[in-house]
Amino acid sequence: MKKGLWALSAATLFVVATPVQAKQEICVFDLLGKAGESYKLIEEWKLSAQTWQGDIELIPYQDEEKAEKDFDAGKCDGVYMTSMRARKYNKFAGSVDAVGAVTSNAIAQKAISYVLDKRNRHRLTATVNGDKFEVAGIIQVGLAYIFVRDKNIDTIEKAKGKKFAYLHYDQAQKAIVESIDLVAVPSDISDFVKKFNSGKVDVIAAPAYAYKPLEISKGLANGALFDFPVVNITGDLIIRPSKFPANFGAQSRQWFIKKLPSNFSMVQRLEAGMNAKRITLSNEDRERYQKMLRDGRMNLTKQGVYDATMMNVLKRARCTVERTNFECSLSGE
């Protein structure tokens, strides 16, 4: 009898002493909420996370700022948001979207594969204000192109003095816009296209991901898009590693690497669906604009906005894909 009681007591102590991992809640931003492609990919990730002992619950947001605030307040253990907004948690990964640094999907895929590689594990964790964060994945949203309400604005010079809706939390965008003499109008993901369609601004930059859902075509009755990507948009999955099982982040990143081919197929499908009139730049203008963006990017890196190591990585990716690019023989990045 005593032996039975002892065994029961020992078993009870073991259960009490063994920590039970609570559910991990992830705040997920997508322009389209649960209907969005990024949200659907995070849903797939949630199912796979069970094999890494994750017990994930997703909370959808269509307001990115609200998702950020709830994550900062500890209401969720992880957050998925645009890299521009997530840069404050990890500058290395958050610098993948540096202006003019990724000019094609092929370069983007190389860059994201490198960032998520095991060799960069130490760069993907960071402590900010005493709180430890880890990049658990990156999703390609797409290359952002310039849209103008007036197709006669077919060079940067003709855009001088025009109003450009930039995302107010990204100081890099503001600096670049002002450097080419456009009027920077602070905006958010939720309203920048509304401003464009209503004529409150003349110019925006957006990826194909936003083209149909936000009805950019409404602002293009007399407008067009520049066939020249100015920035690559990615989304970062940021977690508080203390809330997850050991090695969860590394397993998660490997999952996202395997998903890259289908992720990029989705982006290319959306790009093919953009039926806007296009302004095709001459090779001379294309190179001139690349040089302008490069100068701006280098200044922002010196100011500490972008991560210098990532700028070197992105240059290597560009010059691997486009070996004859003018910058491949230059130093500085």
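Colleague: At the start of α12, which residue has a side-chain oxygen that reaches to within 3.1 Å of the backbone nitrogen of T309?

Modeller: Good place to start: this is a predicted model, in which local features need pLDDT of at least 70, side-chain atom pairs count only at pLDDT 80 or more, and totals for chains, interfaces and linings use all residues. Residues are numbered from 1 along each chain as its sequence is written, and side-chain values use heavy atoms, with hydrogens and water left out. Helix α12 covers residues 308-321; helices (H or I, at least four residues) and strands (E, at least two) are DSSP runs numbered from the N terminus. At the start of α12, the oxygen within 3.1 Å of the T309 backbone nitrogen belongs to the side chain of D307.

Colleague: How far does α12 reach from its first C-alpha to its last?

Modeller: Helix α12 has 14 residues. The expected span is 1.5 Å times one less than the number of residues, and for α12 that comes to 20 Å. The model is close to that value, with a reach of 20 Å.

Colleague: Which elements do the buried residues of α12 pack against?

Modeller: The buried residues of α12 (under 20% relative accessible area; over 50% is exposed and in between is partly exposed, with a 1.4 Å probe and protein chains only) include M310, V313, L314 and C319. K315 and R318 are also among them. The packing partners of this buried set are α5 (91-94), α6 (105-115) and α11 (283-302).

Colleague: Now to helix pairs: at roughly what angle do the axes of α2 and α10 cross?

Modeller: Two packed helices are described by the angle between their axes and the distance between the axes. Here the axes are lines fitted to C-alpha atoms over the stretch in contact, with angles from 0 to 180 degrees between N-to-C directions. The axes of α2 (residues 37-49) and α10 (residues 248-272) come within 11 Å, and they cross at roughly 145°.

Colleague: How many nonpolar residues does the contact of α2 with α10 have?

Modeller: Contact means heavy atoms within 4.5 Å. Between these helices, the contact is made by residues including L41, I42 and W45 of α2 and W255, F256 and M266 of α10. Ala, Val, Leu, Ile, Met, Phe, Trp, Tyr, Cys and Pro count as nonpolar, Asp, Glu, Lys and Arg as charged, and the others, Gly among them, as polar. On that basis there are three polar and four charged residues, and the nonpolar count is eight.

Colleague: Which residue's side chain makes a polar contact with the side chain of S48?

Modeller: S48 is in helix α2 and is partly exposed because its relative accessibility is 22%. A polar contact is a pair of N or O atoms within 3.5 Å; within protein, one must be able to donate a hydrogen and the other to accept it, and residues adjacent in sequence count only if both atoms are side-chain atoms. For S48 the distance is 2.9 Å, and the partner side chain is that of W255.

Colleague: Why does S38 count as buried?

Modeller: S38 also lies in helix α2. Leaving out residues up to four places away in sequence, S38 touches D30, Y80, I139 and Y209. S38 counts as buried because its relative accessibility is 4%.

Colleague: What is the phi of D181, which is not a glycine?

Modeller: D181 sits in the loop between α7 (171-179) and β7 (183-187). D181 counts as partly exposed because its relative accessible area is 42%. The phi of D181 is positive, at about 65°.

Colleague: Where does N247 lie?

Modeller: N247 is not a glycine, yet it has a positive phi of about 70°. At 39% relative accessibility, N247 is partly exposed. Its place is the loop between β9 (224-239) and α10.

Colleague: Is A165 buried or exposed?

Modeller: A165 belongs to strand β6 (residues 163-167). Beyond its neighbours within four places in sequence, A165 is in contact with V185, S187, F192, V201, V203 and I204. With a relative accessible area of 4%, A165 is buried.

Colleague: And how far apart in space are I279 and G100, C-alpha to C-alpha?

Modeller: I279 lies in strand β10 (residues 278-279) and is buried, at 10% relative accessibility. Not counting residues up to four places away in sequence, I279 touches residues including V148, I153, L225 and F226. I279 and G100 are 179 residues apart in sequence, and their separation in space, C-alpha to C-alpha, is 18 Å.
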